[in-house]
Number of protein chains: 2
Amino acid sequence: MPRFAFTIAATDAAARTGALAMRRGTIRTPAFMPVGTAATVKAMRAREVAASGADILLGNTYHLMLRPTAERIARLGGLHRFMGWDRPILTDSGGYQVMSLGSLTKVSEEGVTFASHRDGSRHAVTPERSIEIQRLLGSDIVMAFDELVALPADRDTVAAAMRRSMRWAARSRTAFDGGGEHAGRSAVFGIQQGGLDEALRGESAAALTEVGFDGYAIGGLAVGEGQAAMLGVLDFACDQLPADRPRYLMGVGKPDDIVGAVLRGVDMFDCVLPTRSGRTGQAFTRDGPINLRNAKYVEDEGPLDPGCPCPVCATASRAYISHLVRSDEILAAMLMTEHNVWFYQTLMADLRTAIAEGQVQAFAAAFLARYGGAG
Amino acid sequence: MPRFAFTIAATDAAARTGALAMRRGTIRTPAFMPVGTAATVKAMRAREVAASGADILLGNTYHLMLRPTAERIARLGGLHRFMGWDRPILTDSGGYQVMSLGSLTKVSEEGVTFASHRDGSRHAVTPERSIEIQRLLGSDIVMAFDELVALPADRDTVAAAMRRSMRWAARSRTAFDGGGEHAGRSAVFGIQQGGLDEALRGESAAALTEVGFDGYAIGGLAVGEGQAAMLGVLDFACDQLPADRPRYLMGVGKPDDIVGAVLRGVDMFDCVLPTRSGRTGQAFTRDGPINLRNAKYVEDEGPLDPGCPCPVCATASRAYISHLVRSDEILAAMLMTEHNVWFYQTLMADLRTAIAEGQVQAFAAAFLARYGGAG
């Protein structure tokens with residue numbers, strides 16, 4: 001297999017479908033990556049994640065560097081072997097979680113220092129250290145280290161953070177290239193920043209493409225700006241990034257967010273929503289999300305989502321899952337998470353098919369009309 | 001399939017191995033029944049329980065009558081359909097949990113009233129109501145309703161509770177026989193009581209055999225009396241019960257308890273230990289139990305129990321599971337429980353083979369020498 005080869009097999013207006021070939025396997029795009037925060041997609045075995053159709057999952061640098069530590073995972077043969085997942089893994093850079101979970105955070109040109117949310121221990125992450133951690137984990141797709149600013153923020157703050165992130169992106173690329181054997185086996189993505197501002201987004205895209213990356217992420221969205229604002233950014237952000245490289249919208253999102261982003265040219269997604277919802281009683285269905293704590297499901301003998309191909313819908317009724325949710329049974333989290341991950345993977349497969357058939361607009365309209373959501 | 005046919009294929013001193021044929025499947029004995037308290041073996045899918053080699057599982061009348069209620073399960077087609085388990089299910093009578101989990105409990109000749117441990121709501125269970133609940137659940141093996149006394153207790157208290165339990169056993173049998181179609185498809189077991197007293201145990205056995213049951217349980221043990229006292233009771237209790245009927249030691253136990261009881265002629269067991277231990281970081285191994293929170297496992301690349309045939313030992317290292325346990329990940333409970341249930345089923349399979357080959361004494365000695373425990 002090649003180190004990294006992205007092929008677009010078909011386009012349909014701005015949407016595209018294709019494949020990202022890597023040493024550990026091929027990622028069909030548009031792709032959704034389940035989040036395996038602490039070396040596990042919560043409540044799922046690795047083989048169950050694979051069975052859902054996921055070609056790649058995401059690991060969180062922040063969580064893994066704190067526990068069990070990147071060095072320990074490296075001594076144990078890397079993250080794939082540790083967690084029993086042999087397909088590609090994308091690791092984030094840790095920047096987002098440092099800002100959202102860490103405390104007493106200090107940012108300088110060098111990098112970030114922060115206190116662990118778990119035990120208060122102090123840690124430092126620089127672009128170079130983030131790349132080193134991702135190399136120790138054995139990541140297949142390494143993300144550049146960037147600085148997150150919470151929106152709303154004034155334009156100068158957004159611009160300053162974006163420009164620092166671009167300097168860190170260049171340092172990340174250099175650190176990645178200096179990673180020896182690992183650099184020859186993996187890929188590195190830069191992350192576009194700039195908030196909701198088209199000019200700043202354009203400046204960021206130009207800086208990243210000047211450095212040159214295997215793929216380009218769109219960062220700093222899905223942080224509370226709302227779907228319309230997010231899709232508004234995608235209307236120009238995708239075009240600012242190279243057409244022949246994968247575009248990855250980080251941390252997105254709801255099914256209708258994903259449909260809207262695919263229509264605008266995004267190729268990759270990750271989000272905790274299907275897994276987190278699975279632990280709080282929310283199931284995704286083609287008729288929109290339902291909450292299994294609702295009394296109307298206690299004697300409902302139907303599956304979570306009629307017509308869903310997942311193993312849960314083949315065997316368990318809403319009545320049974322409702323009982324498990326109300327009883328706080330671990331099996332509730334297991335079944336709900338499995339169904340939700342399958343729902344997302346089925347949606348991605350349907351989007352790929354629709355794009356290949358030149359029917360993505362019709363598919364999206366029908367999906368959104370039934371599911372609800374503006375797209 | 002017959003309603004209920006117990007065949008002893010081989011004996012080895014007091015130990016026996018055979019099969020209990022029922023409409024929903026054959027139970028190989030000696031058998032261990034995983035506990036599926038609230039219509040789920042905690043942290044396991046029904047198909048995963050089946051894959052471990054379990055021919056039967058146990059459901060708790062007390063929990064199910066409170067939530068989701070027996071009537072709801074009946075409306076949904078019975079417990080098998082509800083939880084997706086098509087092999088036999090044994091239900092307890094609720095008596096033990098009423099005494100151990102209920103509060104404000106009042107016992108009269110008629111039955112028991114108590115307050116739910118969950119919401120304080122008041123409920124009544126009589127022998128007739130217990131049998132009705134078990135029929136509504138669609139139980140394959142129905143247990144007579146009995147009265148539990150906590151040990152130590154004076155002989156008069158133990159005797160009075162035993163004699164009341166024997167009157168309740170007769171009422172349970174009558175209620176079972178009046179259950180119409182269900183009685184023709186299922187079996188009913190009586191429960192011997194009498195504490196640690198040989199004469200009272202003998203009186204109880206005589207009363208039960210006078211009524212006549214499909215099988216006989218040994219109740220009131222594993223309540224703190226210690227292994228030596230428990231095995232001391234089994235030394236006479238098994239012989240007091242009909243040799244051609246299955247003997248079921250309720251709520252037992254540790255692996256070494258089970259080996260000791262099988263040597264004395266017990267055919268069936270249930271216990272929460274493998275599943276509960278799986279949620280607290282304890283794994284069973286042939287070298288004795290180990291706690292995965294112990295620091296010595298954090299970089300141990302070996303499986304939980306070398307040589308174990310379970311799917312967990314085939315894929316996950318102690319180091320990985322140690323990380324999951326420390327991270328309070330749901331996957332820790334899933335993998336630990338699965339391994340522990342396989343450990344118990346493998347032990348039962350090994351015991352069956354050893355008895356069939358006339359080697360059970362040698363097997364038990366070797367197992368206990370390695371595992372630890374008096375047997």
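Of the 375 residues of chain A, 57% count as buried, a residue being buried if 20 or more other C-beta atoms lie within 10 Å of its own, exposed if 12 or fewer do, and partly exposed in between, with the C-beta atoms placed from the backbone. This is a predicted model, in which local features need pLDDT of at least 70 and side-chain atom pairs count only at pLDDT 80 or more, while totals for chains, interfaces and linings use all residues. Residues are numbered from 1 along each chain as its sequence is written, and chains are lettered from A and ligands numbered from 1 in the order in which they are written.

**Overall fold of chain A**

- Chain A has 16 helices and 16 strands, where helices (H or I, at least four residues) and strands (E, at least two) are DSSP runs numbered from the N terminus.
- A compact globule of 375 residues would have a radius of gyration near 21 Å, and the 20 Å of chain A agrees with this; the radius is taken over C-alpha atoms, and the globule rule is 2.2 Å times the number of residues to the power 0.38.
- Taken along the principal axes, the box filled by the C-alpha atoms of chain A is roughly 60 × 45 × 45 Å.
- Among contacts in chain A between residues at least 6 apart in sequence, 67% join residues at least 24 apart, two residues being in contact if their C-beta atoms, placed from the backbone, lie within 7 Å.

**Relation between the two chains**

- Chain A is superposed on chain B by a rotation of 180 degrees with 0.0 Å of shift along its axis, at an RMSD of 0.0 Å, and the two copies are thus related as by a two-fold rotation axis; the superposition is by least squares on the C-alpha atoms of residues with pLDDT of at least 70 in both.
- The same surface serves both copies, since 100% of the contact residues of chain A recur in chain B.
- Of the residues of chain A, A:Ile330 comes closest to the rotation axis, its C-alpha lying at 3.6 Å.

**Nonpolar core**

- The largest nonpolar core has 245 residues, and those with the most contacts inside it are A:Met33, A:Phe189, A:Ile321, B:Phe189 and B:Ile321; such a core is a set of buried Ala, Val, Leu, Ile, Met, Phe, Trp, Tyr and Cys residues joined through C-beta atoms within 7 Å.
- Leaving aside neighbours within four places in sequence, B:Phe189 is in contact with residues including B:Ile141, B:Met143, B:Phe213, B:Tyr216 and B:Tyr248.

**Helix H16 of chain B**

- Helix H16 (residues 360-371) of chain B has 12 residues and reaches 16 Å from its first C-alpha to its last, close to the 16 Å expected at 1.5 Å a residue, the expected span being 1.5 Å times one less than the number of residues.
- In H16(B), the residues B:Val360, B:Phe363 and B:Phe367 are buried, and seen down the helix axis the buried residues fall within an arc of 60 degrees, so they line one face of the helix; the arc is that of the directions from the helix axis to the C-beta atoms.
- On the other side of H16(B), B:Ala362, B:Ala365 and B:Ala369 are exposed.
- The cover over the buried residues of H16(B) includes strand S1 (4-12), strand S2 (15-22), helix H11 (255-263) and helix H15 (330-356) of chain B.
- After H16(B) comes B:Gly372, whose phi is positive, near 95 degrees.

**Backbone details in chain A**

- Most residues other than glycine have a negative phi, and most peptide bonds are trans.
- A cis peptide bond, with omega about -5 degrees, joins A:Thr29 and A:Pro30, and A:Pro30 is in the loop between strand S3 (25-29) and strand S4 (31-34) of chain A.
- The peptide bond from A:Arg67 to A:Pro68 is also cis, with omega near 5 degrees, and A:Pro68 lies in the loop between helix H2 (61-66) and H3 of chain A.
- A:Thr69, found in the loop between H2 and H3 of chain A, has a positive phi near 90 degrees and is partly exposed, with 14 other C-beta atoms within 10 Å.
- A:Ala43 has a positive phi of about 75 degrees although it is not a glycine, and A:Ala43 is buried, with 25 other C-beta atoms within 10 Å.
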